[in-house]
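This report describes the surroundings of a ligand, a surface patch and a helix.

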Amino acid sequence: MLSFVISLLVLLVVLWALAYHSASAIAWSIVMGVTLVVGSVSGVLSGAIAGIVWFVFLAAVVIANVKPLRVALLSAPFFAIYKKLLPQMSTTEQEALEAGTVWWDGDLFSGKPDWNKWLAVPRATLSAEEQAFVDGPTNKLCGMLDEWKSTHELHDLQPEVWQFIKEHGFLGMIIPKEYGGKGFSAYGHSQVVMKISTRSATAAVSVMVPNSLGPSELLMHYGTKEQKDYYLPRLAKGIDIPCFALTAPEAGSDAASMTDAGIVCKQLWEGTETLGLRLTWEKRYITLGPIATILGLAFKAYDPDKLLGGETDLGITCALIPTNHPGVNIGRRHMPLNAAFMNGPNSGKDVFIPMDWVIGGQPMLGQGWRMLMECLAAGRSISLPAQSIAAGKVTSFTSGAYSRVRQQFKTPIGKFEGIEEPLARIGAMTYLLDATRTITAGALDLGEKPSVLSAISKYHATERMRQVVIDAMDIHGGKGICLGPNNYLGRAYQQVPIAITVEGANILTRSLIIFGQGAIRCHPWVLKEMNAARADSIDAFDDAFWEHIKFTISNAGRSLWLGITGGVGMPAPACAETKRYYQQMTRFSSAFALLADVSMFVIGGSLKRKEKLSARLGDVLSLLYLSSCTLKFYDERGQQKDELPLLKWALYDCAFKIQVAMDGILKNFPNRPIAWVLRRLVFPKGMTLIQPSDELGHEVAKILINPSAARDRLIAGMYLPNDENDIMGQLNAAMNAVVAAEPVEAKVRAAQKAGRITAKIQDAIFEEANSLSVITDTELALWKRARVLTKEVIRVDDFDKNFGLAAVQPTLRTAQYAEAAE
Ligand SMILES: Cc1cc2nc3c(=O)[nH]c(=O)nc-3n(C[C@H](O)[C@H](O)[C@H](O)COP(=O)(O)OP(=O)(O)OC[C@H]3O[C@@H](n4cnc5c(N)ncnc54)[C@H](O)[C@@H]3O)c2cc1C
């Protein structure tokens, strides 16, 4: 009996090893064959049962290894079912799915990420020219910006700021040098946008939009020679201001459902009958629209009279229309949460444009959606992540400094455990966001267009921005609430929802796009199966399908083993401090691959409608990517030990959230028996991961509230003027002064305790301490400077009773009401 149990155990281990290593059908056949021979010879297997087992085994061996038989008996029926289950996809859905490239997301989906390959990806760096631009014109621009004046008084940037932006080429960072642009790398572009964003969202958005998905980028990739030669130099120098209009009142997230239309027609144009389009559209929310000179417009083209001889329904098309063209209604403004960047609606009715205004000319009619989807990855990976990390840097700097300067209960508030919690979140999320921003921008510079990773970056950067801004507001109390030139948080707090909503609203991005697109694009076999079904190729399907099955079995084996061991022993880069995190991520990558596969098998095409499950699977993929970036970032910066608290907090948080997301998937999985089995494979020892500890949070908070090299690196790249007349410069000076004065305060408190000082009022206490030689004149001066700066920093703005707004607001309101009444 004992030998039977041992044999059975050995067999199970062998089978598990075959599954783990994704063994071929031949290997399975040999191992199973040897097992049966041993069983038969030893007598364990005998009689009629032996006959049945041998028959089943031999039949399985033949079917598995002889392709024509396998295809006829197994693959063909599966193929028929698969084709029926495969959801129908619109052309726009298919173009969105196929856009961009697969990068590290492919490794994360494989269940076996190759960490050495990941660390070998070259680090993003600035060229000398980019560095000079960041240190020169960008700094100068930041010094000119006055966000309060822009948002409260001018509702625009100062005219001299616009001039500076245009003259120095800020609007042409992505335009190649041959057209007079800067030709910056994605990372260089990201550094510039990030720095400006730490100063003014108005300026940042005004610079971001022409450098993001819009006329310049579309022209660079798809424009005709004439269009490029004419527009790109004008856009680079700011002679033309672009905007891009996709969103319509009834077509927001589902932008492809727009009703804006262009009818192919012939009309007299500059004296000759010309082939063109008669456009009718209504768009809203268009950034820079009110001041744009060139309108990029997306519409659906139709050719009802078959003037072009082919289809009548041509599809989404993009054109460039000068805004002074007769019939273009543009110039009115929305007021998005008090942001002062230009944003507004535009429309036109029966506006004729010649065909050569279509971007790329007539051959690009109907290609608009593909063009937009192909270009989306770049913009999404740069602008909003850069803006979000700017919020991280500003909140890390201001919350750390303010909570050191601001005292309550005779203690700097940053030393209270309650405040340490939000401080730790701010610091660690800033580190993680900087890592993700840097590495994703670096991927673009390597020629990638990572559509799934850019959606992850956009979603997680903006969500974490929301979190750190809320945390910073809590830390600042009333100081964050009262708006005015000295409030460096209020406008960010107001405007966070803008970043959440634009370039793919976040709920949609999380629920539909990240896993929905990732599962098809990044999975090693799913797209191959789908393509086989579309091409009706049973041969290709057979290859992909059985590899897919092996892949799933392998991940089940790996998931169980790595769940038991926690990934110990898995290959990982040789860094004592981070090795375990790599191993843990390998474990989760295998478990994720298993959960993703089983979800697709069980739920099939309707997974698209199971948005909550899809969102949680997307969370796991996202958190794996964020963790990967954080680990690589630490490595790229030379494994600086003083950054470890930031790294560890971020990774603990990600791992814990991965566990929560996986638990959510399993708890809500529609097939309960399968969910039961999956839980044993994914969490064989239960859910053992914990949130970042209080002690770790304390270490992170310490980085933020003390001047240190780690803090300097965390906030590097933000605009921090060395000027005490500027609130940010003042806050920095106050923090340094307070830290310098703390030993002085300690001496005075000790003297007070010892009963040596009799004065009761603070200033008098320190004067008396000085007169008693408890502190020197220099120390008294240090303390006084800290006190003056602290008072200045904790001050909030106050205004006349009517806020001085009487002249401005009614005018705006009257105009809006007037239109509504019409
Ligand atoms: C300040 C600002 C600037 C903008 N700039 C531009 C611009 O320059 N050019 C341009 O073309 N557009 C621009 N937009 C438009 C922006 O891209 C849209 O606001 C965005 O696409 C969302 O559309 P919507 O606001 O109509 O929201 P809706 O589409 O109505 O969405 C409402 C909510 O429903 C969710 N949702 C929708 N579908 C799903 C789904 N299937 N599953 C789950 N949730 C879903 C969304 O996530 C969102 O939370 C701008 C918008 C703003 C506010």
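Which polar backbone atom lies 2.8 Å from an oxygen atom of the ligand, and to which residue does that backbone atom belong? In this predicted model, the residue is Leu246, with a polar backbone atom at that distance from a ligand oxygen.

| Residue | Atom of the residue | Distance to a ligand oxygen atom |
|---|---|---|
| Leu246 | polar backbone atom | 2.8 Å |
| Ser253 | N or O atom in the side chain | 2.6 Å |
| Leu508 | polar backbone atom | 3.1 Å |

The ligand taken alone exposes 980 Å², and the protein buries 69% of that area. The shell holds 20 residues, the closest being Leu246, Thr247, Ser253, Tyr285 and Glu611.

A nonpolar patch lies on the surface and comprises Val62, Val66, Leu69, Leu73, Leu74, Phe78, Ile81 and Leu85, which together have about 660 Å² of accessible area. Helix α4 (residues 67-85) gives the most to this patch, contributing 6 residues. Leu74 is found in helix α4 and has a relative accessible area of 32%, which makes this residue partly exposed.

Helix α30 (residues 762-771) has buried residues, namely Ile765, Phe766, Glu768, Ala769 and Asn770. Their cover includes α29 (727-753) and α31 (777-794). Just after α30, Ser773 takes a positive phi of about 65°.

Conventions: Residues are numbered from 1 along each chain as its sequence is written. This is a predicted model: local features need pLDDT of at least 70, side-chain atom pairs count only at pLDDT 80 or more; totals for chains, interfaces and linings use all residues. Side-chain values use heavy atoms; hydrogens and water are left out. Patches are made of residues with over 30% relative accessible area and no salt bridge: like charges are joined within 9 Å, nonpolar side chains (Val, Leu, Ile, Met, Phe, Trp, Tyr) within 5 Å. Accessible areas come from the Shrake-Rupley method with a 1.4 Å probe; for residues, only the protein chains shown count as cover. A salt bridge is a side-chain nitrogen of Lys or Arg within 4 Å of a carboxyl oxygen of Asp or Glu. Helices (H or I, at least four residues) and strands (E, at least two) are DSSP runs, numbered from the N terminus. Buried means under 20% relative accessible area, exposed over 50%, partly exposed in between (1.4 Å probe, protein chains only). Contact means heavy atoms within 4.5 Å. A residue is near a molecule or strand if one of its heavy atoms lies within 4 Å of it. A polar contact is a pair of N or O atoms within 3.5 Å; within protein, one must be able to donate a hydrogen and the other to accept it, and residues adjacent in sequence count only if both atoms are side-chain atoms.
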